[in-house]
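The entries are kept in the order in which I read them.

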Amino acid sequence: MTNTYTGIFDVTTTSSIKSSTSTRKRAQVGDIVTLELKLVPENGYVPIPLFDLEGDEIRLVLGQFPWGNYLPGLHSLVEGMRVGDAIENRSLDAGWGEWSEKRVVTVSKSKLKSLKNPDQILVHDKLHLQGDVEVLVTAVTPTTITVDANPPLAGASYVCSLKVKDIEELPEDRMVFLERPQQESASKYQVASFALGCFWGGQLEFQRLDGVVATRVGYTQGHKVNPSYTEICQGTTRHRETIMVVYDQTKISYQALMDIAMERLRMSEQPATVRLFQEEEESHQYAHGFYYHTTQQHEEAEAFLEHRSGWGVEVRPAQQFYNAEEYHQHYLLKGGQSARKNAKEEIRCFG
């Protein structure tokens with residue numbers, strides 16, 4: 001059972017849009033947009049914010065799929081705006097989607113074979129399904145249990161006010177590794193890719209870092225064009241589950257990203273047996289790798305891993321990256337875990 005994360009854009013409060021006379025281009029999908037943003041809970045109470053509620057420099061890559069690191073309605077709202085444009089008092093979905101009766105399910109206790117004592121379950125208890133999806137027990141009978149898989153704040157909303165401060169282009173020339181001359185583009189944004197096993201937990205960890213603008217998950221290092229998750233699981237395409245990170249190199253270093261990647265490996269994996277021949281590797285989907293996008297990243301990765309052997313981390317040039325399916329993108333955020341910058345809550349999935 002997987003939670004969905006749908007955006008709603010209903011103007012339910014008095015609102016106004018102020019436009020500057022700027023001649024700069026309109027924001028479009030794929031742009032890096034910097035916002036001055038303030039979100040106020042519309043009903044006065046949102047106990048579990050999933051993202052930063054206000055700030056002078058909130059940045060995101062516009063487009064809900066695959067980057068979508070903020071509430072979906074915000075992407076729709078900002079698209080088409082120019083630098084200097086401002087919006088006041090718009091109602092936006094809080095990011096949990098609408099409450100759905102379809103996510104309330106009654107099951108027989110006899111089918112709950114993984115629970116040792118199903119008769120001890122009480123109303124208001126919380127259970128965890130596969131993928132660490134948390135559900136709330138809402139009713140109990142002698143033979144059945146009813147659970148609600150809706151996010152805790154389904155149907156909640158914010159009043160949004162914002163101003164567009166900057167619109168920049170993604171560094172498309174850095175999405176794969178290319179032999180470049182010494183003089184590169186002046187963009188402050190870099191791209192990094194890491195394979196750390198299951199990509200869900202790592203994506204949320206990177207998204208919480210100051211300086212990380214956006215993340216997406218997908219498949220790389222294989223030999224088939226646009227593989228499906230089913231094919232990845234079968235292992236026939238040799239792709240790795242991979243996290244791509246867009247970051248501001250003036251705020252966070254590649255070294256810091258590697259530190260986080262290694263921390264994820266330590267938390268979720270045991271050191272691997274050193275393999276003499278990479279071709280002998282049987283599992284490709286959850287292989288570990290640092291895939292460099294620049295020569296400098298290559299040099300830093302080799303130096304970083306020189307004294308960290310035993311984890312089976314391959315260092316390869318970044319190749320074509322294929323987006324994973326929509327339901328994989330920001331999976332844990334959709335399930336109710338916070339992506340706020342510097343959030344310290346435990347990530348309840350060590351993938």
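The entries below concern charged side-chain pairs and the exposure of their residues.

Entry 1. I worked from a predicted model. I looked up the total and found twelve salt bridges in the structure. As background, I noted that side chains of opposite charge can pair when their charged atoms come close.

Entry 2. I examined K109 and D119, whose side chains form a salt bridge with an N to O distance of 3.3 Å. Both K109 and D119 lie in the loop between β5 (104-108) and β6 (126-129), so this pair ties together parts that are ten residues apart in sequence.

Entry 3. I turned to D248 and K188, which form a salt bridge with their closest N and O atoms 4.0 Å apart. D248 sits in strand β12 (residues 240-248) and K188 in the loop between β9 (157-169) and β10 (189-196); the pair therefore ties together parts that are 60 residues apart in sequence. I recorded D248 as buried, with a relative accessible area of 0%. K188 is partly exposed, at 32%.

Entry 4. I looked up R340 and E345 and found their side chains joined in a salt bridge at 2.5 Å, N to O. R340 is partly exposed at 22% relative accessibility, and E345 is partly exposed at 39%.

Entry 5. Which residues are linked in a network of salt bridges? I noted K25, D31 and E169 as the linked residues.

Technical notes: Residues are numbered from 1 along each chain as its sequence is written. This is a predicted model: local features need pLDDT of at least 70, side-chain atom pairs count only at pLDDT 80 or more; totals for chains, interfaces and linings use all residues. Side-chain values use heavy atoms; hydrogens and water are left out. Helices (H or I, at least four residues) and strands (E, at least two) are DSSP runs, numbered from the N terminus. Buried means under 20% relative accessible area, exposed over 50%, partly exposed in between (1.4 Å probe, protein chains only).
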